[in-house]
Each structure stands twice: as C-alpha cells, then as structure tokens.
Amino acid sequence: MCSSDLDFFVIADGLCSTLAGAAGFRERRCDSTRYASRQRFHRPSCSTGWIDSVEVHWGNHEQLYLTPIGEDEVSVALLTQTPGRRVCDALPDFPAVARWLAGAFCTSVARGAVTKTRTLQQVLHGNIALLGDASGSVDAITGEGLLSAFRQAYALAEALAIGKPERYVTAHRRIAWNPHRMARLLLLLDRHPQLRTQLIAALAKQPDSFAALLRVHLGEQSWLKASCSFIAEQIVEEYEAHRWPAFFAASGNRRERGL
C-alpha cells in the first residue's frame, strides 16, 4: 500500500527512522551527537541515604543521572561524548556516586543508544507527517523526548481534526523551540566546566531563578518573563573574558545572548 492510498500516514519510528528516509524526509542540521547507556542497581533496603528524587552529576564532558525506581532500586544513566563508554566505565570518575553504590549489584544488562540534537528540513509532506524523534530530537540531557512527542501527537491530532494538517508544522516548530534552546544551554555548560561551576553556584544562591528556569523548560513560562536574566549576563561576561568562539556557534546567533 502506498501513502496515496491512505487518508494520512504518521511516521514515529524513532531517531534513526528508516521510514522517514524512505519517504524523502531529510535532515537539515545536527548540532550534537552523544552516547547514552544505563543500568539498574539494587541496594539493600536497610541502606541509608537512599535518594528520593532525580540527581544529575556532572563530570568531564559527561553526566550521570540517578533515578529512583523503587524502594531499593535505582537507574543510573550515562550521557557522554565517548562512543562505547558505559556506566561501569564512568563510575571511577564519579567517586561520590561510586561510594553511594558500594555494595549494590546490577539488576539489568547495560543498554545503550545514540542521542542527538537535530532538525529536519520538513515534518510534513503531503499526507505524511513525522512525529517524535523521527521528526527531530534534542540531547537526552533535556529529558524532553517523550514529553515533546506527546505534545506533537496532540498538536497533530488537533490539526487533522479540523482538516488543516499544515498547522502541525507551526505547532511542531513552537513545541521544539524551548527544548532546542535548553539543549544548547546545557551542552554549552557541558563543554565549559568553569562556566558550569559558576552558573550552578549562582543558581544555588538564587533558588527562585532556578525554579523559573525549570518553568521555562516545562513551557509554563516564557524566556522573556523568567527571572533569570543574570544567567545571560554571566554567560556573556564569561564569553567576553575568555573569547570562546564556540559560544555563538552553540547559541545560534548574537540575538540569543539573552537565552
């Protein structure tokens, strides 16, 4: 059956979509490629200091995510620039996490995937639409994969319900805007440890600004209304002091100094 035989065809087969390529959709740009792996660990229930929220530990161009998934089990995920690197390889470089996991044992095999920040030339062509990571993606550091896909699915359903699928293109662009901007910011911090240290320290001193940044990330507040202008000022000052040529390449253009 060809696509012309269908009322509408939705492609949602993930980051390395073979269907999207076969249908003629092409990548416009890829801003970053990193590698992810994860494993689950079990600790005895009598252990102290069990986490009750997600923790993100920053290392040298990589991060470890700790996510509690039960009373005595935690998922540990690694995001890194190094292909083939696994959670067990990274633990020695995260001594605090390694100490915390001392005595724990793995409850799953290591699984890995590629994570990219990328956009496509188009997400709609005739009666074919792309959805989720097949339509473009952001680095997993944003935690945005499923959330964006759900928002896109809702927007596509609304557009089809009123018989105007072209509205999905505008909605898709709007949905992707915040995650891509946040990915650029977080990957900038990944590349420049000194800047990351300063910004995290500033956020720790101003929890209201950190909360505002989270609301922006969740789409509950606009960048312009967020009380985090000091972040932009810190980034600009740091860039001007060190003349980092990668800054504007990562941020897109000079207008995005305000982040």
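Asp 190 and Arg 34 form a salt bridge in this predicted model, their closest N and O atoms lying 3.7 Å apart. A salt bridge is defined here as a side-chain nitrogen of Lys or Arg within 4 Å of a carboxyl oxygen of Asp or Glu. Side chains of opposite charge can pair when their charged atoms come close. Across the whole structure, a search finds six salt bridges.

**The Asp 190 and Arg 34 pair**
- Asp 190 belongs to helix H5 (residues 167-191) and Arg 34 to strand E2 (residues 27-42), so the pair ties together parts 156 residues apart in sequence.
- Helices (H or I, at least four residues) and strands (E, at least two) are DSSP runs, numbered from the N terminus.
- Asp 190 counts as buried at 1% relative accessibility, and Arg 34 counts as buried at 2%.
- Buried means under 20% relative accessible area, exposed over 50%, and partly exposed in between (1.4 Å probe, protein chains only).

**The Arg 85 and Glu 62 pair**
- Arg 85 and Glu 62 meet through their side chains in a salt bridge of 2.8 Å, N to O.
- This pair links distant parts of the chain, 23 residues apart: Arg 85 is in the loop between strand E5 (73-80) and helix H2 (87-90), and Glu 62 is in strand E4 (residues 62-68).
- Both Arg 85 and Glu 62 are buried.

**The Arg 29 and Asp 31 pair**
- Arg 29 forms a salt bridge with Asp 31, with the closest N and O atoms 2.7 Å apart.
- Arg 29 counts as partly exposed at 44% relative accessibility, and Asp 31 counts as partly exposed at 38%.

**Basis of the values**
- Residues are numbered from 1 along each chain as its sequence is written, and side-chain values use heavy atoms, with hydrogens and water left out.
- In this predicted model, local features need pLDDT of at least 70 and side-chain atom pairs count only at pLDDT 80 or more, while totals for chains, interfaces and linings use all residues.
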